[in-house]
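Keep the viewer open as you read.

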Amino acid sequence: MRNAHACWSLLICLLILGTATVAAQDEGMTTDMTVWLGNHYTSFNDYSHKVGEYNVGVNEWMPEGSFRLLHYGEGKLFRAFASFYDRRNMDGDLGLNLGDKLALDVTYRSLVHRPGQDKLANIAAREYFGQNDAGEDQFGGKIATHELQDMGVDYEVYRKEILSKLSLMLSKKNNIKLEAMHRSILEDGNEQGVTTSHCFSCHLVSEELVVENRTHEVQAGIQGDVSDKVTLGYEFDFRTFKSNAPEATRYYDTAKHPVHGGAGAEFSSRVLFDDTNLVHHRLPETQKMSHKLRTKARLGKTGRLNASFGYNTAENKNVDLTTESITGAARYTATLAPKTRIIAKASGARIEADDPFINIRDFRAGRDSPDYIQTDFDYTRYSSLDRTEVDVSAELIHRASKGLVLYWMNALELVDRTDYPVQDDGIRSKTFITQAKARFNKMQSFNGSVKYRYEKTVDPFISGRGIFEARGREELARTIPAGESVHRFIYYYAREGLRYQDITTDPNNRHEVEARLSFPTASNGSVNLSLTGWFQNTTDLDSLDVRSWQIRPNAMINLNPSPEWMVSAGYTMYMGKSRGPVTVALFDG
Amino acid sequence: MSSSSRGSNRLILLSIGLLTVAVAAIGLISSPAVAGTVDNETCLACHDDVGENYAMTPHGIYFQQRPALRDYGCESCHGSGGRHIEDPTPDNILNPANSDQFGSSILCTQCHNTEQFDEWEFSAHHNADINCASCHTSHAKVGHTMKKPTPELCYDCHSAVKAEMNLPSHHPVREGEMSCSDCHNPHGGSVSLTMDDSGRELCFSCHAEKEGPFVYEHAPVSEDCGYCHTPHGSVANNLLTQNEPTLCLNCHSMHFHATVVSVDGEFEVPQAPERASRSTEDGWKRVMLTKCTQCHGAVHGSDLPSQATSTGGNALTR
C-alpha cells in the first residue's frame with residue numbers, strides 16, 4: 001500500500017512537473033530565470049508519524065514550485081528565490097549586491113516539526129514482583145495511573161524564521177564596513193506536557209500545551225583597517241526569548257500514603273505543596289547581550305594573528321537571575337619554513353552566575369513524632385555554570401613531499417568548575433590531547449588520510465548526585481543517633497550527599513583512529529572508503545571498569561553523469577559496545 | 001605607478017598588485033617558470049568550454065569592469081601562460097585547483113579577503129588541505145559556483161554524517177529545511193567548523209528557550225549539549241545519544257523505589273528487610289522501561305520548584 005502510493009506519486013509528478021529556464025542579456029546585464037512547477041501527494045496512512053518527523057504531509061494533492069531569478073552585470077547582482085512545498089513549508093531569499101559597497105540579503109523559511117512520540121510510551125503501570133510459587137503474577141500496592149487530556153492530538157510546531165543581513169561599505173579608504181543582522185524565529189503549535197504528583201500519587205497527567213515562542217536577535221558591527229596590516233572590529237549582539245503561551249496549571253493531589261491512602265498530614269509535611277493548583281510549565285523570558293572586540297593582524301612575512309575579546313550577559317527576567325561571562329581568544333599561524341606551518345590557539349572564558357537562595361518549608365514542619373526528624377532544607381544554589389575555561393593548542397603542519405602532508409597537534413583543555421558539585425571545591429578537569437595525521441594526495445588517482453588521536457582527562461565531569469550509594473548508606477547509618485528509631489527510608493535524600501562524587505562514567509582515556517580513501521571517477525564522481533573507530537574507558541576507579549568502543553566502516557560512491565544528475569549510494573555500519581555496572585546499553589542503537 | 005589613480009582605481013591597482021605577488025609566490029612554490037604573457041582570447045581559443053560561460057562568471061564580470069584585467073583575466077589566477085602555449089601540457093600552467101594549502105587558497109584569499117574568510121587559515125578545512133576548488137568551480141556562471149548543492153557537496157567527504165542524517169531522529173537537513181552551513185562555517189571555525197566554538201552557544205542560537213539561566217539547573221546543560229545529544233542523527237528520540245532511561249543512568253542512580261545495585265554490580269539485600277522483594281530483576285526491568293522525563297520533564301532547567309522537600313525543589317518535574 002505504502003509503496004503503491006509512492007509509485008503513483010512519483011509517476012504523476014514526473015508527468016506533471018515542468019521546468020522553464022529563460023536567459024536574456026541586455027547591455028551588460030544578464031538575466032537568468034528558472035521556474036519549476038510540480039505537485040506532490042503524500043499519504044501517511046501506513047506511515048508512523050515518527051518517520052514523517054519533518055515531512056508532514058496532507059492527504060491531498062498539493063501543488064509545489066520554485067522560482068529563481070538572477071539579474072547581474074556591471075558589478076551588480078540581484079537575486080530572488082522562492083520555493084513552495086505547502087503553505088507551511090516555504091523558503092524565500094532576496095539578495096542585492098552593489099559591488100563591494102552594499103550587500104543585502106533577506107531570507108525566509110518555514111517548516112513543521114512533528115516529533116511523533118508519546119511521552120507516556122512504555123510507562124510502567126504497576127509494581128510487579130514476579131510470580132509466586134503457584135505461577136501467579138504478584139503486583140505491588142503502588143500503581144501508576146495516567147490521564148490523557150489530549151487524546152488523539154498530533155503535536156507539532158510550525159517554525160518560521162526571517163533572517164536579514166546588511167553589509168555596507170562606509171569608506172573604501174580604510175575598508176570601514178558596517179554590518180547588521182536581524183533574525184526572528186517564531187514557533188507556534190502545541191506540545192505534550194506530562195506532570196505528576198509526588199510518590200503518594202503516581203498519577204501522570206498528559207495534556208496539550210500551547211507553544212508560542214518568540215526569539216528575536218539583532219546584531220550590529222563595524223570594522224575597519226587601522227593600518228596596512230591591522231583590522232579592528234566591534235560587534236554587538238542582543239537576543240531575546242519570550243513565550244506568549246498561556247501558563248499551564250494542574251491540580252496537585254492531596255498528600256497521602258501511596259498504598260493505604262492514610263497519613264495525609266505526615267506525607268503533606270514532606271512536600272512543598274499539595275492539594276493546590278499550580279503552574280507546571282513556564283518558559284522564562286530571557287535576554288542575552290554580548291559585546292565583542294576583534295582584531296586581525298599580519299605579523300612578519302607570513303604570520304597572522306586573529307584575536308577577540310568578549311563580554312556577555314544572559315538574564316532570566318522572570319526570576320532576576322543573571323550570568324556574566326568574559327571570553328578571550330587568540331589564534332596565530334605562520335610559515336616556519338617553506339614547507340612547515342604552525343597554528344597556535346589559545347582561548348579562555350570566565351563565567352559567573354548569580355547564586356539564588358532557595359527558601360523552602362522545613363521537611364516535616366509541624367510534625368513532632370520522635371521517629372522523624374524535622375529538617376531545614378534551605379540552601380544557596382551555587383551554579384554549575386560558574387567556571388574558568390582555558391584551551392591552548394599548537395599544531396605543526398609539514399609538507400613532506402608534493403603529495404604527503406603530516407600533521408601533529410597537541411592541546412590542553414582546562415575547566416575549573418568553581419562551585420560544582422561542591423561550593424569552592426569544584427571539579428577541575430584537565431584534558432591533554434595529542435593527534436597525529438598524515439594526508440596523501442595523488443590528485444588523479446586517489447587521496448586519503450590516516451589519523452590517530454588520544455585524549456587523557458584527569459578528573460572528568462561527573463554527576464553531582466553521583467551514581468553509587470551502597471557505601472554511602474554505611475556513612476549515613478553513623479549519622480543516626482544511637483538508640484533512635486528512625487525510619488531510614490525517609491533519608492534517601494541524604495544519601496545524595498554521601499555518595500562518592502569522584503566517580504564518573506565519563507571517559508578519561510579515549511583513543512580515536514580514522515582512515516579515509518577517495519578515488520575520483522569520471523564526471524566529478526568519486527568512490528569513498530573510510531573506517532573510523534574509538535575506544536574509551538574510565539580508569540579513575542578500577543572497580544568501575546567503564547568502557548565503550550565503536551567502529552564505523554563506510555563506503556560510498558558518487559556519480560555525476562551530468563550537472564543535473566547526481567547519484568550516490570553508500571553503506572555505513574555502526575558497531576559499538578558499552579560496558580558499565582549501571583549503564584546497561586539496552587537501546588544505544 | 002599609482003600617483004594618478006586614487007579612489008576606486010587605487011583598489012584595482014592594489015588588487016592587481018596583490019594578485020601579482022600571489023601568483024609570483026605560488027609560482028615560486030609549485031608552478032612552471034614564468035615565460036611570457038598571453039591574453040584571454042588565446043586561452044579561450046583552446047579552452048572553449050570555459051569561454052562559453054566566461055563573461056557570465058563572477059570572475060569574468062569582475063575582470064570586465066577592470067580595464068587592466070579585462071584581457072588578461074585568465075593569468076590572474078593561472079599565472080603567465082607563455083610556456084603553456086609553447087608546450088600545452090598541464091604541467092606548464094598553474095592550476096590552483098591542484099594545489100595544497102601551501103598554494104591555492106593563498107591565491108584566492110588575496111581577493112576573497114572579507115571577514116567571512118578571517119578564520120580560513122585556522123580552519124579544519126584548510127588544515128585538511130581542502131582548497132577552494134574542492135567545493136567551488138570558478139568557471140561557472142553566477143549562482144552556480146558550487147560544485148554541487150549542499151548537503152550533497154558536504155556528503156562527498158563526510159559520508160558518515162550522511163549516514164547519521166538518515167537515522168530516525170535528525171535535524172531536517174535531508175528534508176531541505178536546514179543546510180550544513182546553518183551550524184558549520186566551511187571557511188572557518190576551529191572546532192568542527194562550527195559557527196561558534198562553544199557547543200552551547202551554537203545550539204542556543206536556535207534553541208534559546210533552553211539557555212536560562214534557571215533557578216534549578218541540570219549540570220550537563222552547563223557543560224555541553226553533546227553530553228546527551230548528538231547533532232547529526234540518532235536512533236533515540238530528540239537526537240539523544242541513547243534512549244531513556246539508559247542515558248540518564250549514565251550519571252544517576254536508579255530511582256530509590258526501583259532497585260539499588262552495589263559498586264561491584266551485585267544485587268544487595270536492601271537496607272530495609274521488609275522491602276527486600278523490591279530489589280529484584282523485575283525491579284530492573286521496571287526501571288529500564290520507564291522514561292525519566294515522564295516525571296522529570298524540565299530536564300534543561302526550570303524556575304519552578306518540584307514537589308519533594310527533600311530534593312530542595314530541584315527534581316525538575318515542572
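This is a predicted model: local features need pLDDT of at least 70, side-chain atom pairs count only at pLDDT 80 or more; totals for chains, interfaces and linings use all residues.

Two strands count as paired if DSSP finds at least two bridges between them. At its end, A:S171 has A:I176 in β11(A) as its bridge partner. β10(A) and β11(A), the latter spanning residues 176-196, run antiparallel and are joined by 15 bridges. Four residues sit between the strands of this hairpin, and one residue there, A:N175, takes a positive phi near 55°.

Now zoom out to chain A as a whole. DSSP gives it four helices and 30 strands. Of its 589 residues, 39% count as buried. If you take the contacts in chain A with a sequence separation of 6 or more, 56% of them come from residues 24 or more positions apart. The chain's accessible surface comes to about 30600 Å², and carbon and sulfur atoms hold 57% of that.

Which residues make up the largest nonpolar core? There are 12, drawn from both chains: A:Y252, A:L272, A:F273, A:L321, A:I358, A:I360, A:F363 and A:F377, together with B:V215, B:Y216, B:A298 and B:L316. Leaving out residues up to four places away in sequence, B:V215 touches A:V319, A:L321, A:P356, A:I358 and A:R381 in chain A, and B:S302 and B:D303 in chain B. A second, separate core has six residues, among them A:L70, A:L77, B:M56 and B:I61.

B:D303 turns up again among the contacts of A:P284, which also touches A:F241, A:N316, A:N318 and B:F214, with residues up to four places away in sequence not counted. A:P284 lies in the loop between β15 (276-281) and β16 (286-299) of chain A. A:P284 and A:N318 are 34 residues apart in sequence, yet their C-alpha atoms are 5.7 Å apart.

Aromatic rings come next: over all chains there are six aromatic pairs. One of them is A:Y252 with A:F273, edge-to-face at 5.1 Å centre to centre and 75° between the planes. A:Y252 is in strand β14 (residues 248-252) and A:F273 in the loop between α2 (264-268) and β15 of chain A, so the pair ties together parts that are 21 residues apart in sequence. Both residues are buried, A:Y252 at 2% relative accessibility and A:F273 at 10%.

Another edge-to-face pair, A:F461 and B:Y227, has 5.0 Å between centres and 65° between planes. Because A:F461 lies in a loop of chain A and B:Y227 in a loop of chain B, this pair joins two chains. A:F461 is buried at 4% relative accessible area, while B:Y227 is partly exposed at 26%. Together with A:Y420, A:F461 and B:Y227 form one aromatic cluster.

Finish in chain B, at the loop between α8 (104-111) and α9 (124-127), where B:S123 is found. B:S123 is buried, with a relative accessible area of 0%. A polar atom of the B:S123 side chain lies 3.1 Å from the backbone nitrogen of B:H126.

Key
Residues are numbered from 1 along each chain as its sequence is written. Chains are lettered from A and ligands numbered from 1 in the order in which they are written. Side-chain values use heavy atoms; hydrogens and water are left out. A nonpolar core is a set of buried Ala, Val, Leu, Ile, Met, Phe, Trp, Tyr and Cys residues joined through side-chain atoms within 4.5 Å. Buried means under 20% relative accessible area, exposed over 50%, partly exposed in between (1.4 Å probe, protein chains only). Contact means heavy atoms within 4.5 Å. A polar contact is a pair of N or O atoms within 3.5 Å; within protein, one must be able to donate a hydrogen and the other to accept it, and residues adjacent in sequence count only if both atoms are side-chain atoms. Accessible areas come from the Shrake-Rupley method with a 1.4 Å probe; for residues, only the protein chains shown count as cover. Rings of Phe, Tyr and Trp (its six-membered ring) pair if their centres lie within 6.5 Å; planes under 30 degrees apart count as stacked, over 60 as edge-to-face and the rest as tilted.
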